[in-house]
Each structure stands twice: as structure tokens, then as C-alpha cells.
Amino acid sequence: MTAQIEIKNVTKRYGSLTVLDNISLSIAANEFMVFLGPSGCGKSTLLRMIAGLEAVDDGEIAINGRRIDNLPPGKRGLAMVFQNYAIYPHMSVAENMAFGLRNISVEQSVIDARIKEAARMLEISHLLERKPNQLSGGQRQRVAIGRAIVKEPEAFLFDEPLSNLDAALRVRTRVELAQLRNRVASTMIFVTHDQIEAMTLADRIVVLNNRKIEQIGGPMEIYSRPVSEFVARFVGSPTMNFLDVDIASEGGFARATFPDGAKLQTNILTTGLPEKRMKLGIRAEAVKCVSEAAAATTEGKVDVLERLGDRTLLYTRLADDSVVVAEDIGLSRARIGDTVHLAFDGTACHLFGSDGKAYHPAEGASAAGREADHV
Amino acid sequence: MSDAQSTRAALARNERKGLKTGTANINAPRWRNALFIAPYMVFFVTLLVLPMLWNIWLSLHRADAFSIGRFIGIGNYDRLLNDAIFLKAVWNTFYFVLLSVPPLALIGLGLALALNRQTRTAAALRTFYFSSSVLSVTIVTLIWRIVFIGQFGLLATIYGWFDATPPAFLSDPDLVMIGIAIATVWWCIGLPMMLYLSALQQIPKEIYEAAALDNAGRWRTLRYITLPSIKRTVILVVIIQIVMQFQLFGQAKLMTNGGPNNESLPIVFYIYQMAFTRWDIGLGAAASEVLFVMILIAAMVQFMVSRKKGDAQ
């Protein structure tokens, strides 16, 4: 059975400090949900409240309609993978995996069968008799996941499980988790501060910041239509470019004037825009380095070059000293100190009010956004 | 050559010199570093190693307070084996270790488990239970004499309320060792408790959280998580306490003076009587060596048994 999890008006306080304020969200059965946010945003606390390791001060949590926030952790039908693995150090791998099953008096033959199957799936069959101190970090991580799998829980909870692995192993484990997800039909909640993990694994992402949910949505929705400046900044690498712009209306759509005087026609409707002076956000891949001045929006001087192989990131400085990261082809001929022509894609930019609220291009809008003026 | 140039040349010369002494000796032992352990070694050798060797030497002589006497080989050891009082003292000592070490190890663990939490009450109680350890043996025995003494003692008073006769912990031959053991456990419980507490605090919190999610109840958590995690400390506590309790002296001297009829006479007390009351130094030295070997064997056996049972953890 797989869990449909309902979190209703949940609040968590430590003394006078509120770490989660009136959180409500619903996780569908079989969904891979990622809690994403900076450290201290309360994402781990929320996960631990679902697990039963932290008390719920207000609100309620239900799994498949059954309220669980007053049950002890073991009675909630969940399994958790901890950041530091939390493997029992004095037990062998097999004993680690069996412990949770023995505690609920599962038959030994069933335990053996489940361990065998999980070990096969995770390729740790040859490690079953080893003690945790004879395992590498990656192997320990597999054991921790195996220990969760054998319990056949209604939902898996992952608390930053990849953060203790080295970069190469992290990428590999990420892929394996995605594969695992297809094999084990179960709800999964995954906490991370790594937006790439969130983007690659999630069905939906919950972006948390400052005690509250900023946005819930699919990875591409979060990426391309962030509801706030915080989400726009937090998701995506390199970080989205932000420029203070003046807004004028051009046929109902906003036309932004950059600090260096350049103008960019967007297809964001001016109706509903609260201010004349706003922040324009645009991702590096929507700022291209072009050869002809006629096609460019403005120009910038290259400060730093990052050659990533398939593409090159140019950290440029506009005439007014504002910094814009632009993208060029992998074999970019730009050099540090060069002045390059930058073409901004007016259909891929966002505007942010002083309260951080985001305004996006109207869906299916047909403004002449591509005809960017160059001054 | 200008001033600046000559200075630079001199600096370079010095540098070269410094470099030379620095690299030439890199793998050679630096004996002056031994000075760091010298203060300790001085006291260790003069106050422990030399007296130990001197004691072995003494035990082979018919020594008294004034002279080392003539060499009699294992004569003193022979006398010990034929001395019923010594054999009684050996038995008494083993009996006392058996009476005191298990309660110290178990009650200490119980207290540590109960007080391993971050509340003010727990902190106060930790201090309270440890506080008896700082008392001198004189005070401890005085307190327990007041508790145990017939007719006026605390125990007698409490039993008196129910018109009962209290157990005579200071005079009943079957109870004196138990009485001394009770006082000793009360006195020594602080150290095991503190050792257990520090071990308990080393156990990562996540392991308990994982166990909670694994449906482990209190007993299973204690049995399968906590105890295996502090196994080394349990062994340590038992070894320390065996070594300490083999050396019982003050409590027996002050509470019962070894009586009645040598029922509470431990080996150290016997050594004291032989060497410093009867001035039969050679015999006392021989008895000390027997005690030394006994402690050594007990500690080694304990250590090896636990090693064999233990794993590669």
C-alpha cells in the first residue's frame, strides 16, 4: 500500500521561535515529492514531523486519511534514510536490515527473502555479513536505503541522503534513486538543499523559505514560472540575472529600460504590474552572446569565463556596472576583457515587484517580444 | 659591497645554516623531546617501578623494620600458603569483589541510563550521586557506622518502628562483608555512573531515531542499541572496579577492624598487619606480590574474555 499524505495547518515552534508556520500540503500516492530550501528553512523539521521524530505543535498530519501525528514513529508505516545513514554500528548489514522486521515479529523466512531481494536490487549482496565500519560511504548509503526497502513502508522519507557523498558518487546515487523509484512503488519524500537533486528527482517540488511554503509545483514549473524572487534566485544554476529596470507599456506589454539605457520588449502584460520600477530576472540561457550589434540588446565587458564544455558562461559587466551572466557556445571565442554583444530573450524574462512577487510572460502571448531594441 | 647587500648575504648564510640543521636531522630521534615525559618518568620510576622491584627483593628476605635480613628464597611465600589467616583474607577479598563489583557495574549503569537527559533535575541528581565519591574513606565509614551501629543506628531506629531487630552488619560474621560492600558501593558509585554517562552521550542521536522508526521498544532499544554501543565502557568499568575493590582496606579497618574473627579481613589489611603491626616486612612484601598477581590475572582474564567475545568494532 502506498501513502497519500495530507499535511494540514502544521506549525512547529521551539520555545518562542517558530520554525514552520501554518504549513498545508498534500502529497499524492506514489508521488516523489522534494522539499527544497536553504538551510534553516524548516524542510528537515517538516520531514521529521511526518516521521514522528518531532512533535507537531499545531495542525495535523494524516496518511491515507488516518491521522498519524500522535502515533509513535514506528507505528506510522514509514521508513527513513538519514543524512548520516544512522546504521547500527555493531550490527552486520543483514542484521541492520533485519532489525526493524524482527521488532514486529516478521517470520525469519520472510525477512531473509526481503533482505535477499533488496540486496540484489541495491547490489550489496556480497556485503551482507560485513560490519558498517568495513563499508565505504556509498555502500553505507545503500545499506540505509536497503534497510528502508525491506520494511516495505507506505512512504519513504529521505533526509538529505546524498549530501555526505562525494560529487561523482552523488550523481550516480541520484540516478540510482530515480531508478529505484520506478521499481519500488511507494510515496517518497526527499529533503534537499540541492536544486539539481530536486529538479532531477521530483514529481513535484515544495520550495520552503523562512517558515513558509514559497511554491509547490513540478520541476519545470518551478524553474520557468517561479512565484517569487526567492524561488527564482534559489532554483537554477547559474543564478538568474537580476537588473533594476524601468517599465513602460508598449502595446499592452511591458518594455523594460535597463540601467545602461538599453530597452527590452517583453511579453509580460502591463496590466497588473504594480510599479514602474521593477526587477527584471532572466536566466543565463536566455542571454546569448551574438556577433552582430543589430541583433543585440546591449553589450557587456567579459569579467570571467566559465568553459563548461558544451557551453560557455560569460560573466559580463554592462556599462553601468550591473553584472549579467550570458551563455555562449562551447567553443566561444570570447576572452576576458572583450566587449560582447548580448541578446536578451524578451519572452523568457520575468519581472519582480518590490515585495518579491513574480510576473511572467502571458501564456501564449504574441507580443513582438523578440524585437528587442538596441540603443 | 653596500650595506644592504652584505645584510642580505648574511641572512642567506644563516638561512642556509638553518636549513641544513633542519633537514639533516629530520629522521633522527630527537632525544631532547624526551624531556616532555621526563617529569612523569621521574615520579613513575622512583615512586612505582623501583619500589615494586624493591618489594619483590624484600619478599625474598626475612626482612624486619631494621634490616633486610637474610635471603630465604620463597620462604615467605611458603609461610603465606600455610597461614590460615592469609588464606581466609584471600577468600574474603574475592568474596568482597564478588559482592561489590556487580552492583557497582549494574547500579552505575541504571543511574546513568536514568540520568542521561538534559533536565535540571537530572543534572542535580548526577551531582548528588557523584558527591559521595569525593568523601574520604573516614567520612564514608563514619556515616555507615552511624547507619549500621546496633541500638542507636539509623537502621536500628527504622527497624525499631516495626519492633524488629536490624541485621547486624558490623558484628554478624555472615553480614560484615555485605555491610562493607554496601558502604563501598555507595561510596564508589559516582565513577562508574560518570563513565557510563559519557559513553551514552557518545551514541549518535540518529541511531535512536532509526530504532524508533524501526519499531524498537524501550527494552529492545536498550538490549540491541544502547548496551552494544557502550560495551567497551562496561568492560572498562568492570576492570577498574575489580582492580580497585581488590585493594579494600580503609572501610574494613574503620568499620569492623577486620573482625569479627577475621571475617572481614581483606588482603591489604593482612599486609598492613604483617608489615606494620608485627614488622614482619618480608611476609608483608610477599603478600603484596600475591595480591599484585591476583589483580593482574583478574584484569587480564576479564580483558581477554571480553576481547574474544567482542567483535572488530
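Let's start with helix α4 of chain A, residues 137-150. At 1.5 Å a residue, its 14 residues should span 20 Å, and the end C-alpha atoms are 20 Å apart, so the two agree. The expected span here is 1.5 Å times one less than the number of residues. Helices are DSSP runs of H or I, at least four residues; strands are runs of E, at least two; both are numbered from the N terminus.

A word on the source. This is a predicted model: local features need pLDDT of at least 70, side-chain atom pairs count only at pLDDT 80 or more, and totals for chains, interfaces and linings use all residues. Residues are numbered from 1 along each chain as its sequence is written, while chains are lettered from A and ligands numbered from 1 in the order in which they are written.

Back to α4(A). Is it mostly covered or mostly open? Mostly covered: 11 of its 14 residues are buried. Buried means 20 or more other C-beta atoms within 10 Å of the residue's own; exposed means 12 or fewer; partly exposed is in between; C-beta atoms are placed from the backbone. Among the buried residues are R140(A), R142(A), I145(A) and V150(A). What do they pack against? In chain A, the partners are β6 (78-81), α2 (93-103), α3 (108-122), β7 (155-159) and α5 (167-183). Just past the helix, E152(A) takes a positive phi of about 45 degrees.

Next, the contact between chains. 20 residues of chain A are in contact with 18 residues of chain B. Contact means C-beta atoms, placed from the backbone, within 7 Å. On the chain A side, β6 and α2 each supply at least two residues. That side divides into 13 nonpolar, six polar and one charged. Nonpolar covers Ala, Val, Leu, Ile, Met, Phe, Trp, Tyr, Cys and Pro; charged covers Asp, Glu, Lys and Arg; the others, Gly among them, are polar.

Last, the backbone. Most residues other than glycine have a negative phi, and most peptide bonds are trans. Now some exceptions. N9(A) has a positive phi, near 50 degrees. N9(A) sits in strand β1 of chain A, residues 5-14. Buried or exposed? N9(A) is exposed, because 12 other C-beta atoms lie within 10 Å.

N215(B) also has a positive phi, about 70 degrees. N215(B) is in the loop between α10 (205-213) and α11 (218-229) of chain B. N215(B) has 20 C-beta neighbours inside 10 Å, so it counts as buried.

Finally, the peptide bond from S237(A) to P238(A) is cis, with omega near 0 degrees. P238(A) lies in the loop between α8 (229-234) and β11 (241-250) of chain A.

Definitions and conventions. Contact = placed C-beta atoms within 7 Å.
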